[in-house]
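Subject: Structure handover

Hello,

Please find the structure below. My notes on what was found in it follow.

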Amino acid sequence: MSNELTATETFLERLRAKTSVAHTNLEQLPVSVSIVNPNVTNKEYVHYLNLMHDVVKQAEEEIFPALTAFVPDVNERNKTSLLENDLKALGFYKTQLHKPFENTASMSPAFAMGVLYVIEGSSLGGRVILKNIHTSLGHTEEQGASYFAGYGNQTGSKWKSFLNALTAYEAQTNNEKEIIAGAEYAFATIGRHFS
């Protein structure tokens, strides 16, 4: 049992370590910095939501379907409607959809798991951003900030259940390199889209 636990921890540690630079680079982009700034404006907030909508909508439509066998609740993790509700609450109607991810049809399930790791991870960080958006702009989980509310008080347990599915998948398939490549690709792609 302890060997299995150690293998799981080491895989997740390597995944975090190998993607930490890409993760930090994404967090340091002006658009990412703007939404954690106490002086964030509604315009900056809408800009962020609009960009994130492109990422999430495409991932949910083109990448997540390949993962239903490995992450049984993947369809319950969809957040496009939350982003659309927030944009609508802020008086923004999306007219053009950009697709930041390339060659989604040729992504392997392992690579797609890496992409999902990044998108699910952003739900954890969203709880911190929610506090700033609420304090600075007055938006709430019910009105204007539902995306950052994530899964509400289930955010931590949803993250743990995803990590369990991810580590079980990796242990079964031994596809660590491809999972890490997918996560690195997701961070880099979102970063390019945000720039």
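Cavity and pocket

The structure holds one cavity of 30 Å³ or more. A cavity is a set of points, on a 1 Å grid over the protein atoms alone, where a 1.4 Å probe fits but cannot get out; lining residues have an atom within 4 Å of a point. Grid points are joined across faces, edges and corners, and a volume is the space filled by probe spheres set on the points.

This is a predicted model: local features need pLDDT of at least 70, side-chain atom pairs count only at pLDDT 80 or more, and totals for chains, interfaces and linings use all residues. Residues are numbered from 1 along each chain as its sequence is written, and side-chain values use heavy atoms, with hydrogens and water left out.

The largest cavity contains about 30 Å³ of space. Its lining consists of Val56, Glu60, Phe64, Arg77, Lys79, Ile119 and Glu120. Three of these residues are nonpolar, none polar and four charged (Ala, Val, Leu, Ile, Met, Phe, Trp, Tyr, Cys and Pro count as nonpolar, Asp, Glu, Lys and Arg as charged, the others, Gly among them, as polar). Helices H3 (42-63) and H5 (109-137) each supply at least two of the lining residues; helices are DSSP runs (H or I, at least four residues), numbered from the N terminus.

The largest pocket has a volume of about 590 Å³. A pocket is an open set of points with protein on both sides within 12 Å along at least five of seven lines. It is lined by 27 residues, and the closest to its centre are His23, Glu27, Gly121, Ser122 and Gly125. H5 gives the largest share of this lining, ten residues.

Helix H5

Why does the end-to-end distance of H5 agree with its 29 residues? At 1.5 Å a residue they should span 42 Å, and the end C-alpha atoms are 39 Å apart, which agrees; the expected span is 1.5 Å times one less than the number of residues. H5 has a kink of about 35 degrees centred on Gly125, where the bend is the angle between axes fitted to the seven residues ending there and the seven starting there. Gly138 follows H5 and has a positive phi, near 85 degrees.

Salt bridges

There are ten salt bridges in the structure (a side-chain nitrogen of Lys or Arg within 4 Å of a carboxyl oxygen of Asp or Glu). One of them joins Lys94 and Asp54, with the closest N and O atoms 2.8 Å apart. Lys94 is in the loop between helix H4 (80-89) and H5, Asp54 is in H3, and the two are 40 residues apart.

Confidence

The chain has a mean pLDDT of 93, with 95% of its residues at 70 or more; pLDDT is the predictor's confidence in each residue, from 0 to 100.

Regards
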